Structures are given as C-alpha cells and as structure tokens.
2 protein chains.
Amino acid sequence: MSAPSLPPSYRPLDIEGLRAELAGVPALVQRLGGAPDNWSIREVSDGNLNTVWLVHGPTGSLCAKQSLPHVRVDPSWKMPLDRTAFEKAWLENVAPFVGDAIPALLHFNPTLYLLITHCLDGYETLGPALLKGHDPLPVAHRIGRFIAHTAFHTSPRGGPFEECARREQIFAGNTVLTRITVDLVLSDPYRVHPRNHHHPALTDLVKQLHTDAQIHHAVCRMQERFLTSRQALLHGDLHAGSIMVKGTDTAVIDGEFALVGPIGFDCGMFAASLLLAGFALPDTDARAHLATALPLFAENFESEYRHLCANGAPEADLAPAFLRHRRGVDEDELAVIRQDMAGFAAMEMIRRLTGYAQTAYFTMLPEPACGERQKKALTFAMQLLRDRAQAWSRLMAPHFS
Amino acid sequence: MSAPSLPPSYRPLDIEGLRAELAGVPALVQRLGGAPDNWSIREVSDGNLNTVWLVHGPTGSLCAKQSLPHVRVDPSWKMPLDRTAFEKAWLENVAPFVGDAIPALLHFNPTLYLLITHCLDGYETLGPALLKGHDPLPVAHRIGRFIAHTAFHTSPRGGPFEECARREQIFAGNTVLTRITVDLVLSDPYRVHPRNHHHPALTDLVKQLHTDAQIHHAVCRMQERFLTSRQALLHGDLHAGSIMVKGTDTAVIDGEFALVGPIGFDCGMFAASLLLAGFALPDTDARAHLATALPLFAENFESEYRHLCANGAPEADLAPAFLRHRRGVDEDELAVIRQDMAGFAAMEMIRRLTGYAQTAYFTMLPEPACGERQKKALTFAMQLLRDRAQAWSRLMAPHFS
C-alpha cells in the first residue's frame, strides 16, 4: 500500500507538542485551569489505530486523540488521517439523541486531525471489566436504549429523508475504515489469508469456514446487508473496547468507524462481545448471569425502538403519520434487525477467534481450557450463522457451558 | 416554497442565447458545421421540468437541455438548478456499461446548467409510440438488458464498494428530485392532497387508497425499500417518457432523477408504463401482444443479471470469488427485486391515475371507456399492491380486458 500524502501542516504530536497545542485553545486552557506546564498528560493508546492521551489540570480534564498516518500497532499499514474527522462527525450527529452516553466534543483541529473530548474519569473498558466480574446487566440495558435512539433518530423513521441523505453523503466518505470491516470482519475469516491466525484447537473448524456451503451462503447474505442496507447511522465498531463503564454508568466512544448501514450490525457487534466474554468466563455462575444480558439487551432495544416508532416523528418520510397501518411495518423491520443481529454477531465472534485483531478474553485461561473454550465459542458462532431459523432463539439463550 | 438563490452568471437561455453559447464551444461548432446563424434550433420541451432544444447544422446535430429555477410547467414551484448536473453525472456513471443505449455526453456548462448530448434523430417517445402500435417486444427486451447492466456494474457485485460509496456520495445530493418521488409517487396518492385528481369513475377506489390497511402496509414497506435500500445506481424515472424508440432501437434519456436505490424501482417504473399502455389500448389484439412484453422484459432482465453475477467481477466485495456458494444469494436478491418491481409498478400506476403528472394514455378514449379503462387499471394496481403472494404471477400475466 502506498503512503497517502500528508497535509503539509500535519505532524504526529508527542506529549510536549500536545501541551503546546492545547495551550493555544483558550476554552481548553480555561477548562484545565492552571499553567500548561502543570498539566498532567498521560498517553493511554489502547486501540489499534490512533494515539490517545488523558490530560488533567487543576480544574478539569480532557481526552485527546490524534490520527496517525498508519495503523498505530502496525506502522507498515499506511492509512489516511481522516478517521478522527469521521469520529467528530459521528459525535455531532448522535449527540442530540443520547445525552451523556457519549463524551462531549470540546475541540477539533482539522489540520492535526486532533479530537478533544471530555475525559471519562474513573471509567474502565467494558471487556476487561466483564472478565473481572462487572455486572453486565446495566450496560446491556443502556446499550439497548443507546442503539434504539441513535438508530431511530438517524433513520427516515425519525426525520425527513434529506437529513438521512446528508449523513449518507458524509459517512459514505469513510471508506478507509469501512474497508477494514469489509475485509477483516466480512471476508478474511472465510478464506486463507496471512492476517488470519487461530488456536490449534480450532483448526478443523477453520477449515469448515473456508468451504462450508451454509456458512458461505450466510456470509454472502450478511455482506449484502452490510453493503446495501442504509437504515440508520451506525457506530460501526460497537464491541466491548468501544464501551466504557463506571458502576452502572455507560459511555460509548471511538465512533471513527461510523457509517450508514443496517441497524442489526451495531446490535450484533455488541452481542458478540457479550457472547465472547460469556464463553471466556471461568466461573459458571458468572456465565449464567452473563447469559441473561443478551435477552435483556434485545428487549430494551426493541421496546425502546417500538416506543419511538409508535410516537413517530412529525417530519418522517418513512411510515408517515397519515398512513394508518404502520405498526406492522415496524414489526417487519424488527424481524430484519433480529436476523441481522444474529448474523453479524456470529461473524464478529468468528473474526475475533480466527481473524485479525482477536479478543484477549481467552488468553488468561490455562490450557487446555483456553483452546476448549474458544472451540465452544466458535462452534456456537458457526451454528448461529448456519441455521437462520434457530438463530434468534439460540442467541437469546446461549449455553456457555 | 422560497426561491433558491441563483448563481450570478446563470440566465435562462432563449434560442438566440443558446445559439451564442454553442458558438463559443469549438467542438460543438465543428460537430454542427457551417455558420451559427444557419443552425436550426427548435424548442421541444416535453417533460415537466426543463427546457429542451434540438439543434441541427449542415454536418451534425445535438440536443441541449437547461435547468430552469422552477418547474417548467408550474413556474410558482421553485426548484434549484442542479438537476442537469445530476443527469450529467448519471450519463458519466452508466456510459461505460450500456454502449449507445444512452445519448453520448458532448458538453456541460456548470454555470448555465446546460447539458449537451447527441440528438436522437428519428426517435420518438415510447409512450405515444406504444399507443400508435409500436411493437413493445424489442424495447422490453432492451430495457431488461439495460437495467441488468447498469444495476450489476454499479452495485457491490460489480466492483469494489468504494466505487459504490463514491456514487452514493454524489447521488445522495440529488434530494430535490428524490423529494418529488418520495412525495408524488410514494406518499400523496395515499392521502388527501391538493395536487391529486382523478376521473370520477375512480372515486370509490381513491377512498380505499386513503384508508385500506393492506395498501397502507404495502406502501410503508415500499417506502422503506426506496428510502433504505442502496443496491445500485438507478435511472430513477424510467417510465415511457424517458425512453425513445426508433424501429427496434431504444435509448434511455432524462437521468436527472438518478439515485442509488433498490433495483426493482427502475424495473417497476418501466413495467408500470407497459401496464398503463396495456389498459389504455382500445384494440384487444394489441393488448394481448403488449401483455407478452411483461414476462419478456422480466426474463431478459433476470437472465442477463444472472449471467453477469455468474461471471462475477474480480474486485467485487459482494459475493466475492473466494466464496464458493454465492449462487443462492443471487437468487435471493432476484426474489427481492421481483417483489420490489411489483410493488413499485403498482405505486407508479396508482400515481399516474390518481396523483400529479398523470398519464395521457387514457385521454384519447371516449367516455365511458375512458373512465372504465382507468378503473380497470387502478383495480389491477391496487390488487398488485395488496396481495404480495400473488403479485409476481399477476404482473407476469396481466389481464387487460
């Protein structure tokens, strides 16, 4: 891949460069308080793509995120800088509908691709938290509501189609990160590819991924849904690494993969994170408790989405108020979202077990449990993908043992 | 509606203004030949929106089309000028795949919104031609192929999704004309609206359009398909007024409504034109012959589309070559296209009989035939929309008598 040309004024910041940049923005200086030299700046880069810092001053804090011209964990993988601009656009587009479920946008520097938001002090990433025994039920409840509100309000059920078209224009430009999803989630696990790897216990199952007729048929169907359905603005990467928790509070971060697509994709990404954690938990009581988070999530999403549809939006173009018999169409759409949720959950699980950017959930387990638990998880995911008729009931009552 | 502000250098052209404009473009001067004063310029505006001229010189001809800042047939209905720019973009995007089935683009003046293409000398509009006895079979055959090729090649089956995303970015901007479709085709006939009118013979049926549960359910479903499916680049207005014929030759014009949407929308628009002509033809033999054009169109579209899918495209992201079991997914998609074709055909017929911009097919009939034939057509369309299970068989064997 050839290196994209950088804007002339772009430079990757170090801690002192960031300090100088923040010191030049009066609103941020006021927020942090004190003198710039006294601000505590800590790099906390954790995702695969960007540099992230937390900044604390005497009176306030913030989070800074800068795009790099390459994948952070693989500098040979060159990448354009525009991903923080898409994250900013996502924050702006969903903020009106989700309250404090996302960090507030404070500042964006478009030449440095530097995004400044509220700092989520005291929060931790959902994935490790689940494995340490964090209660999954409040987050399942809140993410269900979160998807319902962002999806409804950014769809033609929630407003005139012209607003949807404006979002499609913006986010159809997010091809670099969408390409990652198309390749890593929707394609690579189903072929031999140098980015793939797997635990030796999975070898026989991985061979099936490359050849099984039912799986390939389902993969094509889910590719079609992802590539041609434009129901609503999605987060696009709503796994447990994009969710922060603090007690029963929940915040969604890292919207740089945002795109207009099928609502069940966000649902499926989140479901896959719960499922992978469920298969990785060593404690059977904890597993049984986590299993209840799946139906709780789905029920909260669906009841909230139904409620929003029933109330309607005065300017909506889809199922407008003058059509008296819209209810059935909302139920039809929820049935499609269920199918999409099951299919994308399966593909995300398969990817995290056999592709690139794998889940770390299983690495804490000793052998042979590490391999056995992954095998159980992959078997479950492959059944979920193969058997469409039973997918929903299987997803709502997963057997982790 | 407030008047959109015009670009300062825009002015609506008259014949002499057009002559001067053409005389300033060397390639057009060379094409037409002779001196500008000797060019024959004839206004032939026929559609609802724009001014159109045919220009002939000693050695060549061309067609000129200029956007007006209002609907041509209703100057009180203000409208931005960008529609010829979208028509130009549509011509550019489909030209590589359809040969001479569209007029070649010769020139575009972006400040005058003036589009210059080949002139279709000797062609006539399909609608009146059908009523005068033009054989519908060659055009049904060719339009089937035309939709198959434009749809396949502009979908993620025909190339990388990034090319589809680029087209989505362009055509999501075509909101002004898409708004016309959303309102006039997908909404207005199902409510009381001052733009609607109908023959007195249709009054009872029109009341059903405003209240019938099955029809409203189907309308919502089709609205959802139109507003959220992004299968391929569509013509967007493929009725008999956008198709020119000359013997067995066929050309598609007027792509200003182009948008990325469900493939069955283009299929349904064309089918509705055949169906309306079939109900309007006074001669029973001619009706029976026209009835055979529907299955011929569908068979040609489907066989060509299957052929393109089976051969595949090397860079395609949807159903890529390494997935061995893609065939079934193509058949699933064709089933969706059939449902969409039937639903949109029904809605287009209903709109042309009870909404704005009605078909002129029936006006030549004496009373009471004029009302009776429209009633037959509307009854057929409403059955088509209500009864999804029987829609395809009904569409493929319409009883015009």
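Two strands count as paired if DSSP finds at least two bridges between them. In this predicted model, strands β2(A) and β3(A) are joined by 6 bridges and run antiparallel. A search of the whole structure also finds 5 cavities of 30 Å³ or more.

**Strands of chain A**

- Strand β3 of chain A covers residues 61-66, and its 6 bridges to β2(A) are antiparallel.
- β2(A) and β3(A) form a hairpin, with 4 residues between the two strands.
- Within this pairing, Val52(A) has Lys65(A) of β3(A) as its bridge partner.
- Strand β1 of chain A, residues 40-43, is joined to β2(A) by 4 bridges, and these two strands also run antiparallel.
- Glu43(A) stands opposite Trp53(A), a residue of β2(A).
- β2 of chain A spans residues 51-56 and is mostly covered, with 5 of its 6 residues buried.

**Largest cavity**

- The lining of the largest cavity is made up of 22 residues.
- Nearest the centre of the largest cavity lie Leu227(A) and Arg230(A) from chain A, with Phe161(B), Ala165(B) and Glu168(B) from chain B.
- Chain A contributes α6 (161-171), α7 (175-185), α9 (213-228) and β12 (259-261), and chain B contributes α6 (161-171); each of these elements supplies at least two residues of the lining of the largest cavity.
- α6(B) provides the largest share of the lining of the largest cavity, with 5 residues.
- Sorted by class, the lining of the largest cavity has 12 nonpolar residues, 5 polar and 5 charged.

**Second largest cavity**

- The second largest cavity is lined by 17 residues.
- Lying nearest the centre of the second largest cavity are Glu168(A) from chain A and Ala172(B), Arg230(B), Leu259(B) and Val260(B) from chain B.
- At least two lining residues of the second largest cavity come from each of α6 of chain A and α6, α7 (175-185), α9 (213-228) and β12 (259-261) of chain B.
- α6(A) gives the largest share of the lining of the second largest cavity, 4 residues.
- The lining of the second largest cavity divides into 10 nonpolar, 3 polar and 4 charged residues.

Conventions
Residues numbered from 1 in each chain as written. Chains lettered and ligands numbered in written order. Predicted model: local features only at pLDDT ≥ 70, side-chain atom pairs only at ≥ 80, totals over all residues. Heavy atoms only, no water. 1 Å grid on protein atoms, 1.4 Å probe; cavity = no way out; pocket = protein on both sides within 12 Å on 5 of 7 lines; lining within 4 Å. Points joined across faces, edges and corners; volume = space filled by probe spheres on them. Nonpolar A, V, L, I, M, F, W, Y, C, P; charged D, E, K, R; others polar. Buried < 20%, exposed > 50% of the residue type's maximum accessible area, 1.4 Å probe, protein only.
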